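Here is a short report on two ligand sites. Have the sequence and the model open as you read.

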Amino acid sequence: MADADPTVRVLVDAPRHAGLTPSLTYRSQCPLDAGLLVRVPFGRREVAGLTWSTAAGDEAPGELRAIAEVCEALPSLGPDWCALVDFAASYYQRSVGEIALAVLPPELRRLGRDAVADRIRRLHRASSTLGKDAATPPDAEPALTRDQADATAAIAAAMASEVPGTTLLHGVTGSGKTEVYLRAAGLALAAGRQALVLVPEINLTPQLIDRFTRRFAGRRIVALHSGLTPAQRLRSWLAAQLGLADLVLGTRLAVFAPLPRLGVVIVDEEHDASYKQQEGARYSARDLAVWRGRREGVLVVLGSATPSLETWQRAELGRYRRLALPERIGGAAWPAIRLVDMGRLPKATIGLRASAPPPALAPQIVAALHERIARGEQSLVFLNRRGYAPVLQCGECGWLSGCPHCSAWRVFHKQDRTLRCHHCGLAEAVPRACPDCGNPDIAPVGRGTERLEEQLTALFPQARIARIDADSTRRKGALEATLGAVHAGEVDILVGTQMVAKGHDFRRISLVAAVNPDASLFSSDFRAPERLFALLMQAAGRAGRDAASGSASEMWLQTWHPTHPLYQALGRHDYAAFAASQLKERESAGLPPFSHLAVLRADARTVEAARAFLDAAAALARPLAESAGVMIYAPVPLDIARVADVERMQMLVESASRQQLQAMLRAWLPQIDALHLARGDAPDAARGGAAEAGRGNRTEAARSSSAQRRVLRWAIDVDPLTI
Ligand code: ADP
Ligand code: ZN
Ligand code: ZN
């Protein structure tokens with residue numbers, strides 16, 4: 001008899017706005033724990049689901065359908081994992097089902113019970129033979145420096161304590177942070193626990209992974225990131241979930257790895273923006289890691305040379321333990337920072353006339369590069385803009401190579417003679433003549449890395465020059481090949497975007513030059529200085545890692561604002577002073593970490609539609625906001641307002657209290673759902689879509705359909721990183 005069967009709450013992947021309750025109730029033959037993988041009928045399909053604990057008020061409406069199958073081979077994901085997902089959903093204002101299913105490996109959702117059971121059997125078989133053939137012995141541990149030993153001791157003490165808390169490990173590049181991570185992970189492994197190590201981008205940190213792999217040879221280490229094949233990702237995830245993996249190394253999605261024996265969480269480069277997911281559920285893996293550590297009673301280590309101001313402030317307040325590695329290993333000196341005052345260079349040398357191609361570098365920097373080449377040392381020239389030139393211009397009528405679909409210029413790429421929009425992906429051959437007046441003389445204005453490389457080749461015809469940016473590394477293996485050449489000493493000058501500033505341990509680079517750091521100095525985003533400082537510190541960290549040449553290593557900055565406090569603090573390598581001045585500014589402006597923000601985004605075909613939607617949402621918010629002390633700002637267009645023919649607007653919501661902001665959002669968002677549904681748009685076009693329209697779909701998005709014409713997408717971003 002049907003109503004004698006137990007009922008079970010099951011999460012499926014459905015966004016909250018779809019008009020469904022966040023979970024569905026099914027009949028089961030026997031009671032089921034929470035956190036089990038099941039397959040259930042859903043509409044006319046059968047989909048993957050997760051059993052979940054019953055929430056109050058979850059009444060079973062009418063006739064119930066039965067769970068199709070339970071995947072018994074997979075143990076329950078456990079109460080800690082379920083709590084993490086519940087928290088993430090509630091904090092980032094998504095449905096639990098959406099988050100829970102989205103963070104599972106796609107293959108797990110696709111495969112049926114028998115196929116999953118088969119994968120698990122194979123994994124057990126493989127791991128029972130692991131380590132028996134002990135191919136290479138693990139790397140020996142170096143003797144720790146005094147500072148490293150102190151940090152490791154503090155970490156060991158924290159790990160042994162009842163409430164391990166969160167530790168900030170603050171140390172410049174080359175100060176030995178990774179060695180401390182290795183010790184922390186080693187302590188967890190020795191205690192029979194698992195270690196979770198998060199890195200910003202897997203392919204930019206091959207050396208870190210290499211070091212973990214060599215140090216823990218014979219242990220089972222798995223990687224978890226989006227670059228894996230579906231089968232690999234499932235294997236890694238299962239190894240973590242079954243407790244077979246000792247160490248999980250991964251990108252932000254790995255924060256959701258189920259780890260039954262978790263012993264420590266390490267977040268390398270904790271300030272890095274890639275920890276924040278920018279689409280769908282916009283979670284911060286760093287913040288979730290801290291939450292997870294607290295919930296599970298395990299230590300979280302946040303490492304950085306330039307901590308985020310949020311983290312730094314918590315350390316200042318004593319909420320995080322702070323450990324410092326103030327010196328570089330082996331006495332390597334920090335590079336001397338030299339500022340080239342562009343305003344004092346003779347005008348001709350900096351090419352203010354649009355007709356003549358501007359010289360790449362100030363004469364002082366050219367001389368310094370010559371010296372390095374003569375001494376057989378390497379240099380890194382860094383410019384955060386790819387392509388040949390950001391725009392083409394007609395000298396006759398002033399035509400500029402704008403994108404017809406975006407409020408942005410199309411970038412000139414000389415290699416394949418295209419004009420490419422970096423926002424919507426539109427790529428076309430460079431026109432032979434000005435499309436407006438027919439003048440054949442259209443010229444590049446400004447400079448990207450491709451042009452910089454060309455100019456350096458002209459300046460240093462004998463030098464071996466290589467370039468690393470998103471264009472030069474598109475081909476699989478290209479990045480590894482170029483990095484290999486740099487490490488092998490086959491490159492004299494490496495040109496690149498911020499890709500070269502991160503992670504790599506270049507031993508022979510003794511000069512770093514930043515061509516145009518000013519570009520982000522006066523951005524409207526209040527976090528721009530923080531990001532610039534971190535980037536420049538990181539770039540500086542590429543120089544002088546070898547103690548032998550370290551004494552003479554330099555970082556040159558070409559700037560129009562040599563007295564800017566940011567450059568002054570950088571010159572003294574003084575992160576603490578920079579952080580203090582930034583925090584003071586943030587406090588007087590009422591910005592994070594002294595306030596809490598959320599951004600409501602609306603994307604529509606017209607500015608008016610986007611604004612009208614945000615205005616209506618603001619009207620709904622006002623009664624909620626007033627009582628909660630929440631500020632609602634007027635809607636404004638994004639910096640690049642139109643992408644792929646979609647107008648993008650945003651509205652800032654701010655509160656001094658995180659709890660009040662959260663409570664207000666919880667009350668407000670269902671009203672926005674209703675507002676949106678009332679517009680009559682297709683519901684599946686609604687949440688999470690904003691911003692992805694242009695980036696994800698590239699040229700597809702550029703092609704407009706009549707259905708898209710009416711569509712309005714909205715999304716909420718809690719603790720947004722870019723504003
Ligand atoms: P970070 O992670 O702060 O950039 P690393 O841990 O990578 O610093 O250390 C920088 C370099 O110094 C690496 O090549 C590393 O192998 C070496 N190193 C780190 N700690 C020690 C130590 N205690 N003794 C000798 N070499 C060390
Ligand atoms: Zn023209
Ligand atoms: Zn475009």
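How are the donor residues of the zinc ion (ligand 3) spaced in sequence? The pattern is C-x2-C-x14-C-x2-C. This is a predicted model, where local features need pLDDT of at least 70, side-chain atom pairs count only at pLDDT 80 or more, and totals for chains, interfaces and linings use all residues. Residues are numbered from 1 along each chain as written, chains are lettered from A and ligands numbered from 1 in written order, and side-chain values use heavy atoms, without hydrogens and water.

**Zinc site**

Cys-403, Cys-406, Cys-421 and Cys-424 each give an SG atom to the zinc ion (ligand 3), at 2.2 to 2.4 Å. Donors here are N, O and S atoms within 2.8 Å of the metal (3.2 Å for Na, K and Ca). The site is tetrahedral, with angles of 107 to 111° among the 4 donor atoms; for four donors that term requires all angles between 85 and 135 degrees. Cys-403 lies in the loop between β15 (391–394) and β16 (411–413), and Cys-421 in the loop between β17 (418–420) and β18 (427–429), so the pair ties together parts 18 residues apart in sequence. Both Cys-403 and Cys-421 are buried (under 20% relative accessible area, 1.4 Å probe, protein chains only).

**Ligand 1**

The shell holds 18 residues, each with a heavy atom within 4 Å of the ligand.

| Residue | Protein atom | Ligand 1 atom | Distance |
|---|---|---|---|
| Ala-143 | backbone N or O | nitrogen | 2.7 Å |
| Gln-148 | side-chain N or O | nitrogen | 2.8 Å |
| Arg-211 | polar side-chain atom | oxygen | 2.6 Å |

Taken alone, ligand 1 exposes 550 Å², and the protein buries 77% of that (Shrake-Rupley method, 1.4 Å probe).

Definitions and conventions
A polar contact is a pair of N or O atoms within 3.5 Å; within protein, one must be able to donate a hydrogen and the other to accept it, and residues adjacent in sequence count only if both atoms are side-chain atoms. Four donors count as tetrahedral if all angles lie between 85 and 135 degrees; four count as square planar and six as octahedral if opposite donors are over 155 degrees apart and all others between 65 and 115; anything else is irregular. Helices (H or I, at least four residues) and strands (E, at least two) are DSSP runs, numbered from the N terminus. Buried means under 20% relative accessible area, exposed over 50%, partly exposed in between (1.4 Å probe, protein chains only).
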